Amino acid sequence: MYLSGLHMYLTGLHMYLSGLHMYLTGLHMYLTGLHMYLLGFMPVSVRFTHVSVRFTPVSVRFTPLPVRFMPVPVRFTPAPVRFTPAPVRFTPAPVRFTPAPVRFTPASVRLTLASVRFTPASVRFTPASVRFTPVPVCLFRAWEEWAGLEQVEDYLSFLEYLLWVFTPLIIVFIVPFLIVILLYLSILFLHVYKRKNQLKEAYCNNLWDGARKTLAILWDGHGAIWHGYEVHGMEKIPDKGPALIVYYHGAIPIDYYYFLANVIIQKGRTCHSVADHFLFKIPGFKLLLEVFSVIHGPQEECVRALKNGHLLGISPGGVREALFSDETYPLLWGKRRGFAQVAIDSQVPVIPMFTQNVREGFRSLGTLRLFRWLYERFRLPIAPVYGGFPVKFRTFLGDPIPYDPNTTAAELAERVQQAVRSLIDRHQKIPGCILRALVERIYTKHKNN
């Protein structure tokens, strides 16, 4: 009978070890989930509460009753494993095993369910042991991770860094747009002026003299404040009579706008100008171009303006020179001879002109092959322009090249190109430097040669 009791005791021990095996199986599931998380899958939330393995003391009492053993089936119902982005927490419970003493009585052996109790309560491995987050909470945490709400502070720090890096770039690209806004403000002023003087239009020989002079004062003030603009050689512009002014074209010819304003203020004359065709296609620019006598450049129209006694300004480099020249100030005139032929046909002198640091005020990204290809292929002048730096601007007018009936258009074009090149070599440090041009605004004074 003692051996029978020992046998039952060992059977209970075997069932305890089976429960321990189930516990280790759950631990294996946790480690497998952790391994999947480390491999980059969605974070696994497997929370183990302590597994309670309880083995009650074995009560062996010898009674004259027959031995009856009714085993209780052990049922294990695993819950479905749902992986959620909750943090993985594992808290193992200590495994306690306390064997019960074997007590013998003179009575017969009576072994019932009360003697060895091993029920589902003895080894509890239920959904409470492995707790999983409900589906709505799982979806919310997945959305939270996808949206990065847990890293808002990191995102704000990164955004602050990007703002610190790109603010200078934003500024230098916005300033050219401010120039365009100023042009549109000029157009708006002209429209207002036109409305105000509708009744006087029939009595005035030239309606726009007051508007031109007002805008000239505004532009001259802008040039003086922002660039300390100066003109050297204004006495070479005739008070009366025609002349052809040939100038170097900057990325944005704002220096030429300042020059036109000074001609209106100091000479009381309007200088006609030749512009590219695309300028006439910009919405709203038509009135501005008409008031300031801007033409798109046929030779016959240029000759007509000069023969009528007007000044005419032209840049042989045009848009190509504006977009694709750089701080070394190359003249991109190619084989253009039209301006020289206009001077010969009109029998007028040619006055070369160049503005110091014009490439340091505004620069373009036309040196990139993409923008060069787009212009050569489709004639699209879309190279980005940046700048607006308050560098020192000085416009220099060279000695007039008089009309010579024995000079051909090719020869005259070559002479004019050499004259403009001479002004660049004399007054511009090459390659141009924005920092040096800013310093010249403060410390350097021009010395007339």
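Arg-320 sits in helix H8 (residues 318–324). Helices here are DSSP runs of H or I with at least four residues, strands are runs of E with at least two, and both are numbered from the N terminus. Arg-320 is buried, because its relative accessible area is 18% and buried means under 20%, with exposed over 50% and partly exposed in between (1.4 Å probe, protein chains only). Leaving aside residues up to four places away in sequence, Arg-320 touches Ser-325, Leu-332, Arg-336, Arg-372, Tyr-375, Glu-376 and Arg-379. A contact means heavy atoms within 4.5 Å.

This is a predicted model, in which local features need pLDDT of at least 70, side-chain atom pairs count only at pLDDT 80 or more, and totals for chains, interfaces and linings use all residues. Residues are numbered from 1 along each chain as its sequence is written, and side-chain values use heavy atoms, with hydrogens and water left out.

Now the whole chain. The protein chain holds 13 helices and 13 strands. Of its 449 residues, 40% are buried. Among contacts between residues at least 6 apart in sequence, 83% join residues at least 24 apart.

Next, the sheet. Seven strands build an open sheet with mixed pairing, in the order E5-E13-E10-E6-E9-E7-E8. Strands E5 (230–232) and E8 (294–295) are at the edges with a single partner strand each, so one side of each has no neighbour in the sheet. Two strands pair if DSSP finds at least two bridges between them. E5 and E13 pair in the parallel sense over three bridges. There, Val-231 stands opposite Thr-395 in E13. E10 and E13 run antiparallel and are joined by four bridges. Thr-355 also has Thr-395 of E13 opposite it. Which way do the side chains of E13 point? Arg-394 and Phe-396 point one way, Thr-395 and Leu-397 point the other way, and all are buried. Elsewhere in the sheet, strand E7 (residues 271–274) runs parallel to strand E9 (residues 311–314), with three bridges between them. Cys-271 stands opposite Leu-311 in E9.

Helices pack on this sheet. Helix H5 (residues 254–267) touches E5, strand E6 (243–247), E7, E9, strand E10 (350–356) and strand E13 (394–397). The direction of H5 makes about 160° with that of E7. Helix H12 (residues 409–427) touches E6, E10 and E13, and its direction makes about 30° with that of E10. Axes are lines fitted to C-alpha atoms, for helices over the stretch in contact, and angles run from 0 to 180 degrees between N-to-C directions.

H5 also meets a helix. The axes of helix H4 (residues 209–227) and H5 come within 8 Å and cross at roughly 125°. That makes H4 oblique to H5. Angles under 35 degrees count as roughly parallel, over 145 as roughly antiparallel, 65 to 115 as roughly perpendicular and the rest as oblique. H4 passes H5 in a left-handed crossing. Left-handed means that the near helix is turned anticlockwise from the far one by less than a right angle, and right-handed means clockwise. The H4 side of the contact includes Ala-216, Ile-217 and Trp-219, and the H5 side includes Tyr-257, Tyr-258 and Ala-261. By class, this contact of H4 with H5 has nine nonpolar, four polar and three charged residues. Ala, Val, Leu, Ile, Met, Phe, Trp, Tyr, Cys and Pro count as nonpolar, Asp, Glu, Lys and Arg as charged, and the others, Gly among them, as polar.

Turn to helix H9 (residues 338–346). Its buried residues are Phe-339, Ala-340, Val-342, Ala-343, Ile-344 and Ser-346. What covers the buried residues of H9? The cover includes E6, H7, E9, E10 and H12.

Take H12. H9 packs against H12 at an angle of about 110°, with the axes 8 Å apart. H9 is thus roughly perpendicular to H12. The crossing is right-handed. Phe-339, Ala-340, Gln-341, Ala-343 and Ile-344 of H9 meet Ala-409, Leu-412, Ala-413 and Val-416 of H12. Eight of these contact residues are nonpolar, one is polar and none is charged.

Then H7. Helix H7 (residues 299–307) packs with H9 at about 40°, with the axes 9 Å apart. The two are therefore oblique to each other. H7 passes H9 in a right-handed crossing. Among the residues in contact are Cys-302, Val-303 and Leu-306 of H7 and Gln-341, Val-342 and Asp-345 of H9. The contact of H7 with H9 divides into four nonpolar, four polar and two charged residues. Just after H9, Gln-347 takes a positive phi of about 60°.
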